[in-house]
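Me: I'm new to this structure and would like to learn how to read it. Could you walk me through a few features?

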Amino acid sequence: MEDFETLDEHLKTGSISESLKKGFKGIAPWARFVAIANIIFQIISFLVSFMDPDAGVGANFIGAGVNIALNVVLLQLANEMKSFGNSGSEKDLTTLLKKQLSYWIFTGALIIIGVVFFLLAIVAFSMSSGSLF
Amino acid sequence: MEVEENQTLSSANRETLRKTASWINFFVVALYVICGLVVLALIMIMSESRRPPYIGETFLGIGFVVIGILVFYATQLTKYVNSIKEAVAENDINLITKGLSGYKNFFVASAILSALVFILMLIGFLAAFAIR
């Protein structure tokens with residue numbers, strides 16, 4: 001009996017552990033919930049912008065589109081987490097890691113764009129009030 | 001040979017993980033910068049002498065909640081990033097497991113926040129229709 005346990009332990013080394021599979025599988029439903037909730041939220045926000053003519057439909061359309069795209073990537077990531085959790089295969093792990101990288105690059109790019117817009121807004125506001133330069 | 005047996009990371013996956021850690025680190029830094037901006041905004045609001053008294057208290061409360069959420073996100077993601085770095089350094093994918101709880105907490109907190117925003121939005125809609 002002891003020999004079998006030792007053999008099982010030996011087989012675990014060099015392979016993907018159960019806890020890693022379970023860990024990603026446990027994250028998947030939460031990531032999916034976040035993605036779906038944000039997609040619905042963006043669609044509703046965009047529809048509401050039609051009711052208010054001063055809200056800026058064009059800007060809302062771009063903003064909602066980008067956010068929906070980001071959350072679609074998150075949804076795909078959640079699906080990959082679930083697939084890897086079920087199979088535990090190297091192929092699924094590679095796909096999961098690539099999708100995870102895509103999600104974080106997308107998020108990082110959005111942050112950079114946000115910072116640029118924020119700085120532009122500060123410059124524009126300061127120039128209009130005459131306090132800059 | 002002992003180290004060879006534990007190698008569960010292909011070179012492509014190692015590179016992907018290394019880049020992911022850099023981007024998540026960038027996100028964490030951005031979170032701390034936003035925290036700093038919130039603190040700055042709070043100081044500016046509190047030092048404004050012409051503001052009505054209730055405005056300062058309201059903004060102070062909201063500001064502390066926002067800072068709390070941002071710091072929570074940043075610490076949990078840092079935990080995950082550290083485990084990724086360790087996995088890359090040791091060439092063992094299973095070491096990521098150490099930081100997965102932080103990654104899960106990040107998504108759980110995001111889910112709770114999304115649900116709260118959703119509920120608030122619905123209340124807002126109902127209130128707007130009731131007023132009309």
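Predicted model: local features only at pLDDT ≥ 70, side-chain atom pairs only at ≥ 80, totals over all residues.

Me: How far apart are the end C-alpha atoms of helix α4 of chain B, and what span should its residues give?

Reply: Helix α4 of chain B covers residues 97–131, which is 35 residues. At 1.5 Å a residue they should span 51 Å, and the end C-alpha atoms are 51 Å apart, so the two agree.

Me: Which residues of α4(B) are buried?

Reply: An α-helix has 3.6 residues a turn, so residues three or four places apart point the same way. In α4(B), the buried residues are Gly99(B), Tyr103(B), Phe106(B), Phe107(B) and Ser110(B).

Me: How many residues does each chain bring to the contact?

Reply: Chain A gives 29 residues and chain B gives 31. On the side of chain A that touches chain B, the elements giving two or more residues are α2 (18–51) and α4 (90–129). The largest share, 13 residues, comes from α2(A). By class, that side of chain A has 16 nonpolar, 12 polar and one charged residues.

Me: At what angle do α4(A) and α2(B) cross?

Reply: Their axes cross at roughly 30° and come within 9 Å. Angles under 35 degrees count as roughly parallel, so α4(A) is roughly parallel to α2(B). The crossing is left-handed. Among the residues making this contact are Leu97(A), Trp104(A) and Ile111(A) from α4(A), and Trp23(B), Phe26(B) and Phe27(B) from α2(B). By class, the contact of these helices has 13 nonpolar, seven polar and two charged residues.

Terms used. Residues numbered from 1 in each chain as written. Chains lettered and ligands numbered in written order. Helix = DSSP H or I, 4+ residues; strand = E, 2+ residues; numbered from the N terminus. Expected span 1.5 Å × (residues − 1). Buried ≥ 20, exposed ≤ 12 C-beta atoms within 10 Å, placed from the backbone. Contact = placed C-beta atoms within 7 Å. Nonpolar A, V, L, I, M, F, W, Y, C, P; charged D, E, K, R; others polar. Axes fitted to C-alpha atoms, helices over the stretch in contact; angles between N-to-C directions. Parallel < 35°, antiparallel > 145°, perpendicular 65-115°, else oblique. Left-handed = near helix turned anticlockwise from the far one by under 90°.
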